[in-house]
Amino acid sequence: MQEKGSISIHTENIFPIIKKFLYSDHEIFLRELVSNAVDATQKLKSLGQLGEFKGELGELKVKVSVDKDARTITISDRGLGMTAEEIKKYINQIAFSGATEFVEKYKEKDAAAKDQIIGQFGLGFYSAFMVAKEVEIFSKSYKDDTEGAHWVCDGSTEFSLETTAKADRGTDVVLHVAEDSDEFLEAARLKGILNKYCKFLPIEIEFEGTVINQTAPIWTKQPSELTDEDYTKFYQELYPFSEPPLFWIHLNVDYPFNLTGILYFPKVKDELQFQRNKIQLYSRQVFITDEVKDVVPEFLMLLHGVIDSPDIPLNVSRSFLQADAAVRKINTYITKKVADKLAELYRKDRAGYEQKWSDIGLFVKYGMLSDDKFYEKAKDFALVQNVAGKLFTLPEYQEFVQANQKDKSEQTVVLYTTDAEAQHGFVQAAQDRGYDVLELNGPLDSHFIGQLEQKLEKTTFKRVDADTIGKLIEKEESTESVLSDDDKTKLQDVYKAAISNEQMHVQVEALSPQDAPVIITLPEFMRRMKDMQRAGGGGGMQMFGSLPDSYTVSVNANHPIAQRVLQAEGEAGSKLARQAFDLALLAQGMLKGEALTAFVKRSADLLAAE
Ligand SMILES: Nc1ncnc2c1ncn2[C@@H]1O[C@H](COP(=O)(O)OP(=O)(O)OP(=O)(O)O)[C@@H](O)[C@H]1O
């Protein structure tokens, strides 16, 4: 029997369209054909289990081979095979209508959307024509008393089909590679493609005499069957040469959607250099993409690993994916799982969790800032560290500072430093008062502080150098000034003249005699505004124009130097004031250039005069 026929499809000549538009992604033809071979093999295995196929299964490998001279690539399986009638039905109709549908969809999209569907849409059998000028199928059904069938098509709507003698059950798909697709005749190229897409397919794939895949990757197994070593080994396979992961989460759901996978927590450097595209998305063990945007919440993109779900719609555009209910559920599920895992680590092994904190802290904060549900869970296991290096949870810390750091309006004031070295004098002053100081110097900490102030009741955060210590946390009792009001005014005038700088707002304060003679502070509010402006806070911030520097200079009325300045004759008072002011600048790391040189000289003079 030999038959020539014409495939009835609505779109004329889909071949050139597909070939043209899918130019960048031709390699997926192999994924499609190997997946088909695997499907056919698995179907036969199922028929065997159901008792519908009683023959010998025998060796079920899928074999891929290339013949450079003959310019062919062959994909052979020993699956259920097709009769001539079935080829007409499945290949001529289903495969071609799938391709037609694809082209229809493709034509509607704009350029950007086109890029996105490439590689996400299973073009199926038809994708063979992206690299082949002619495709042959030799197939023999598993059913008894059926003849082999031979189908040939050049990608147009014409095909020929005839019976043929084929000894063995299964299907060979032979691609006659087109001149412009020579690269696919290179064994190394094919091997690369197989490694990318087929590495974890459930049926053995043989290429050049070796099996290239693991048929039962660990994510398909039960966590109870696996050891820590299995997980770390798999991680090394996925990401050779990377540092071992901190921990991992094995995902396993069947309802209301189907999802398995393993997400690893990598070691992250102390910056926001999240490495994206590190999660691989699979659909029934076939690699689809490593662009999991929208399937995984943004803040979880730094995780590594594998997600396998047949429920993720791969054949739709991105905007649809975001709105997809299944994807949203998957998102929520993964977020919850990650939060639960962190909570469990924290509960089961506090010390181990604290050790990991420097690696995961940034991520947890990012999660808290970007996802309210995550915040709700994480607020009990997020940690803060004080300058002494001790770690607290937020509730623990509130408890810890409550007694001592409440101001007169019952607000708990949390003190922090962004640089314990540079702000040393202020940290010291706070500690001398018995206050605790947190170290908050991460890239997200200023946002994190903002969030905590909103969420935690009656709590404000102030950087240690935002004010003099008495005013950072204002109590009822205040230190009495030893100076009269007249003397205060006089002292203020001397300092103003000595400093003569508009941006320095001089005020005289009754501080403790042990405090510094002069303290320069930048009010918390002002500093935050400036930080925001520096970070390009856009919008409303531009209204203020460029904010001037505006520091508060607190002259300590109770320090012995105050008396000396008032009592000094002539220029000496001003000199002394300037010296005390320079010391304050020095403590803030603000004494530079000419002022620094003058200070050194004046200091030497003063020492010589002693
Ligand atoms: N190697 C094979 N052995 C047996 N049947 C096959 C083989 N390859 C393809 N088929 C049949 O041809 C049909 C069409 O294949 P095609 O790859 O175009 O679409 P699909 O596999 O159904 O879907 P997808 O678009 O996800 O690949 C298959 O459903 C299957 O019945």
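Let's start with helix 15 (residues 485–499) and helix 18 (residues 571–587). They pack at about 75°, and their axes are 9 Å apart. Axes here are lines fitted to C-alpha atoms, for helices over the stretch in contact, and angles run from 0 to 180 degrees between N-to-C directions. Roughly perpendicular covers 65 to 115 degrees, so helix 15 and helix 18 are roughly perpendicular. On the helix 15 side, V494, Y495, A498 and I499 make the contact (heavy atoms within 4.5 Å). Their partners in helix 18 include G573, A577 and F581. By class, this contact has 7 nonpolar, 2 polar and 1 charged residues. Ala, Val, Leu, Ile, Met, Phe, Trp, Tyr, Cys and Pro count as nonpolar, Asp, Glu, Lys and Arg as charged, and the others, Gly among them, as polar.

A word on the source. This is a predicted model: local features need pLDDT of at least 70, side-chain atom pairs need 80 or more, and totals for chains, interfaces and linings use all residues. Numbering starts from 1 along each chain as its sequence is written, and side-chain values use heavy atoms, without hydrogens or water.

Helices (H or I, at least four residues) and strands (E, at least two) are DSSP runs, numbered from the N terminus.

Last, R527. It sits in helix 16 (residues 524–534). Buried or exposed? R527 is buried (under 20% relative accessible area), because its value is 6%.

Note on methods: Buried means under 20% relative accessible area, exposed over 50%, partly exposed in between (1.4 Å probe, protein chains only). Angles under 35 degrees count as roughly parallel, over 145 as roughly antiparallel, 65 to 115 as roughly perpendicular and the rest as oblique.
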